Amino acid sequence: MLPVPTVAVLSNSPALASVLAATLRRGSRWRVREFSDHRALADYMRIAPLALLVTDFDLDRVTAADVALSIRNGDDLASRHVQIIALSRKVDAGMRRKCVQAGIDEVIVKPMSPVYLEERIAARLADGTTTYVSAEPYYVGPERRNRVSLDDTRTIPVERRGENIVSFLAHKAMREQQPDQPVA
């Protein structure tokens, strides 16, 4: 049997943290841990792995992007591939850039329904942590490019073009397909 995933709620507001935690504890699909300080969260993560973190974007003295960076770059944590959902009242271009660079998976705009948050957490946990990439020291976080490596099955291979590049491989393949045509 697989272990029950742990979801952490990090918020400065005790009211928001207790509403979210109470909503998330309704089912027995995951364990919920509440934190009011990012240092307490980091201490917990040194001894136990988390599956997902739900956090306010604006915290005391730090942002969710700072917390995400410390998780992604922390060598002494039990798990660095934690999915992170940030909650914010507004999303601007600067915040969006910080979230992407820090490896935050999703930002939900407040006010939102706790039931909607529960649905987003269930969807994220269903995906698992296989969608993470590690290009250290530059980036550790979710795969945002949706790249899939495919073999080139075309009969005429892609030729590289440029100022000083001549590809004979593509021309050879074209000649093999049309042997009756004279080569120009």
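## Leu69 and its surroundings

Setting aside neighbours within four places in sequence, Leu69 is in contact with Gln101 and Ala102, where contact means heavy atoms within 4.5 Å. Leu69 has its place in helix α3; helices (H or I, at least four residues) and strands (E, at least two) are DSSP runs, numbered from the N terminus. With a relative accessible area of 37%, Leu69 is partly exposed. On this scale buried means under 20% relative accessible area, exposed over 50%, and partly exposed in between, with a 1.4 Å probe and protein chains only. Gly103 is 34 residues from Leu69 in sequence, yet the two are 7.3 Å apart in space, C-alpha to C-alpha.

## The model and the whole chain

Please keep in mind that this is a predicted model, in which local features need pLDDT of at least 70 and side-chain atom pairs count only at pLDDT 80 or more, while totals for chains, interfaces and linings use all residues. Residues are numbered from 1 along each chain as its sequence is written, and side-chain values use heavy atoms, with hydrogens and water left out.

The protein chain has six helices and seven strands, and along the sequence they follow the pattern β-α-β-α-β-α-β-α-β-α-β-β-α. Of its 184 residues, 36% count as buried. Among contacts between residues at least 6 apart in sequence, 62% join residues at least 24 apart.

Five strands form an open sheet in the order β2-β1-β3-β4-β5, with parallel pairing; two strands pair if DSSP finds at least two bridges between them. At the edges stand β2 (31–35) and β5 (106–109), each with a single partner strand, so one side of each is left without a neighbour in the sheet. From one strand to the next, the twist averages 20 degrees. Axes here are lines fitted to C-alpha atoms, for helices over the stretch in contact, and angles run from 0 to 180 degrees between N-to-C directions.

Strand β1 (residues 6–10) pairs with β2 in the parallel sense over five bridges, and Ala8 stands opposite Arg33 in β2. Helix α1 (residues 14–24) packs on the sheet, where it touches β1, β2, β3 (52–56) and β4. The direction of α1 makes about 175 degrees with that of β2.

## Two nonpolar cores

A nonpolar core is a set of buried Ala, Val, Leu, Ile, Met, Phe, Trp, Tyr and Cys residues joined through side-chain atoms within 4.5 Å. The largest has 25 residues, of which Leu41, Leu53, Val67 and Ile71 touch the most other members. At least two residues of this core come from each of β1, α2 (38–47), α3, β4 and α4 (93–102). Helix α3 gives the largest share, five residues. Apart from this core lies another, of 16 residues, among them Ala17, Leu52, Val54 and Ile121.

## Helix α2 and Leu41

In α2, the residues Leu41, Tyr44 and Met45 are buried. Looking down the axis of α2, you will find its buried residues within an arc of 100 degrees, so they line one face of the helix; the arc is that of the directions from the helix axis to the C-beta atoms. These buried residues pack against β1, β2, β3 and α3. Beyond its neighbours within four places in sequence, Leu41 is in contact with Ala8, Leu10, Phe35, Leu50, Leu53 and Val67.

## A buried arginine

Arg80 lies in the loop between α3 (64–73) and β4 (83–88). Its relative accessible area is 18%, so Arg80 is buried.
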